[in-house]
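Me: Let's go through how this one packs, and please spell out each convention as it comes up.

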Amino acid sequence: MKPTLLICLLAALLAGCSSFSSTQTARCHDCGISDSLYARMQARQKLTESDIVELSQHQVHSSEIMAYLAYSDTQIPLSDEDARQLARQSVHGDVITYLRENPNSSSFLSVFKSWDLSDR
């Protein structure tokens, strides 16, 4: 097994749902992603469809990609054709499903930010 694939698999096991560490970003870089994508991930920027394709083609595990999508609050509305195109470009079905079904976490969190808990 390639060392970079092993690193990516280990990274997937350690992936968190609500955060994405600089160590995880570095492990993605070790899988061979471009320096420009690595820099954007270090800056916690949202991913594009082409970024997701690049991560997938470099065998970054789908759980790592989804953890970063959640952490960066990346929302990409996908049509049926967009989803088919991503699948043809090696994006795992879990990632496509996440993009299609994930609620807009910004809107979800804004509900809780408006609560005033000081009355309790």
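Reply: A crossing counts as left-handed when the near helix is turned anticlockwise from the far one by less than a right angle, and as right-handed when it is turned clockwise. Before applying that, please note that this is a predicted model, in which local features need pLDDT of at least 70 and side-chain atom pairs count only at pLDDT 80 or more, while totals for chains, interfaces and linings use all residues. Residues are numbered from 1 along each chain as its sequence is written, and side-chain values use heavy atoms, with hydrogens and water left out.

Me: Which hand does the crossing of α5 and α7 have?
Reply: The crossing of α5 and α7 is right-handed. Both names refer to DSSP runs numbered from the N terminus (helices are H or I with at least four residues, strands are E with at least two).

Me: At what angle do the axes of α5 and α7 cross?
Reply: Helix α5, residues 62-71, has an axis that comes within 9 Å of that of α7, and the two cross at roughly 20°. On that basis α5 is roughly parallel to α7; angles under 35 degrees count as roughly parallel, over 145 as roughly antiparallel, 65 to 115 as roughly perpendicular, and the rest as oblique. The axes are lines fitted to C-alpha atoms, for helices over the stretch in contact, and the angles run from 0 to 180 degrees between N-to-C directions.

Me: And the handedness again, plus which residues make the contact of α5 and α7?
Reply: α5 and α7 cross in a right-handed sense. Ser62, Ile65, Met66, Leu69 and Ala70 of α5 touch Asp94, Val95, Tyr98 and Leu99 of α7, with contact meaning heavy atoms within 4.5 Å. Sorted by class, the contact of α5 with α7 has seven nonpolar residues, one polar and one charged. In that scheme Ala, Val, Leu, Ile, Met, Phe, Trp, Tyr, Cys and Pro count as nonpolar, Asp, Glu, Lys and Arg as charged, and the others, Gly among them, as polar.

Me: OK, how do the axes of α6 and α7 cross?
Reply: The axes of helix α6 (residues 80-88) and helix α7 (residues 93-101) come within 10 Å, crossing at roughly 160°. That crossing angle makes α6 roughly antiparallel to α7. The crossing of α6 past α7 is right-handed. Asp80, Ala83, Leu86 and Ala87 supply the α6 side of the contact, and Ile96, Leu99 and Arg100 supply the α7 side. By class, the contact of α6 with α7 has five nonpolar and two charged residues, with no polar ones.

Me: Stepping back, how many helices and strands are there in the protein chain?
Reply: The protein chain has eight helices and zero strands. Of its 120 residues, 33% count as buried, where buried means under 20% relative accessible area, exposed means over 50%, and partly exposed lies in between (1.4 Å probe, protein chains only). Among contacts in the protein chain with a separation of 6 or more, residues 24 or more positions apart account for 59%.

Me: Which residues of α4 are buried?
Reply: In helix α4, residues 49-57, the buried ones are Asp51, Ile52, Val53, Glu54, Leu55 and Ser56. The cover over the buried residues of α4 includes α2 (22-30), α3 (35-42), α5, α6 and α7. After α4 comes Gln59, whose phi is positive, near 60°.

Me: Where does Val60 lie, then?
Reply: Val60 sits in the loop between α4 and α5 and is buried, at a relative accessible area of 7%. Its C-alpha atom is separated by 9.2 Å from that of His29, which is 31 residues away along the chain.

Me: Other residues with a positive phi: what about Asp73 and Ser90?
Reply: Asp73, which is not a glycine, has a phi near 55°. Asp73 is in the loop between α5 and α6 and counts as buried at 15% relative accessibility. Ser90, also not a glycine, has a phi of about 75°; Ser90 is in the loop between α6 and α7 and counts as partly exposed at 48% relative accessibility.

Me: Changing topic, how many disulfides does a search of the whole structure find?
Reply: The search finds zero disulfides, a disulfide being a pair of cysteine sulfur atoms within 2.5 Å. For Cys28, the closest cysteine sulfur is that of Cys31, at 6.2 Å, which is too far for a bond. Cys28 is buried, with a relative accessible area of 2%.
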